[in-house]
Amino acid sequence: MDLKEVVCSNVRKCLDAQAISYSQLNRLSNGMISSYYINASRHYKADLSLSKFEESLAKVLNVDLDDLLNPNTEYKRTDYALTY
């Protein structure tokens, strides 16, 4: 799995854990991430400069950037907060 696939997979896991859809992610980003790149990440084809894409996603999702890059990151939903 290459780095883009890892990031896209972790975004999907994080969205699932936070019960956020890709369209909600688009709204939450307030234009920080275009719908084109959100859709591309959904299909594991994100072609944006990874550093900018990762930073934007981490900020919007309120997760640590290192966790988006780690192929073994697991996100779990709790009653109180997102944990990993």
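Accessible areas here come from the Shrake-Rupley method with a 1.4 Å probe, and for residues only the protein chains shown count as cover. This is a predicted model, so local features need pLDDT of at least 70 and side-chain atom pairs count only at pLDDT 80 or more, while totals for chains, interfaces and linings use all residues. Residues are numbered from 1 along each chain as its sequence is written, and side-chain values use heavy atoms, with hydrogens and water left out.

**View 1. The whole fold, before zooming in.** The accessible surface of the protein comes to about 5200 Å², and carbon and sulfur atoms account for 46% of that. There are five helices and two strands, taken as DSSP runs numbered from the N terminus (helices: H or I, at least four residues; strands: E, at least two). Starting at the N terminus, the order is α-α-α-α-α-β-β. Of the 84 residues, 39% are buried; buried means under 20% relative accessible area, exposed over 50%, and partly exposed in between (1.4 Å probe, protein chains only). Take the contacts (heavy atoms within 4.5 Å) between residues at least 6 apart in sequence: 57% of them join residues at least 24 apart.

**View 2. The largest nonpolar core.** A nonpolar core is a set of buried Ala, Val, Leu, Ile, Met, Phe, Trp, Tyr and Cys residues joined through side-chain atoms within 4.5 Å. The largest one has 18 residues, and Val11, Leu15 and Leu61 are among those with the most contacts inside it.

**View 3. Ser56 on helix H4.** Ser56 sits in helix H4 and is buried, at 9% relative accessible area. Leave out residues up to four places away in sequence, and Ser56 touches Met32 and Ile33.

**View 4. Tyr36 with Tyr37.** Rings of Phe, Tyr and Trp (its six-membered ring) pair if their centres lie within 6.5 Å; planes under 30 degrees apart count as stacked, over 60 as edge-to-face and the rest as tilted. That rule gives one aromatic pair. The ring centres of Tyr36 and Tyr37 are 4.9 Å apart with planes at 80 degrees, so the pair is edge-to-face. Tyr36 is exposed at 56% relative accessibility, whereas Tyr37 is partly exposed at 23%.

**View 5. Cys8 and Cys14.** Both cysteines are buried: Cys8 has a relative accessible area of 1%, and Cys14 comes in at 0%. The structure holds zero disulfides, a disulfide being a pair of cysteine sulfur atoms within 2.5 Å.
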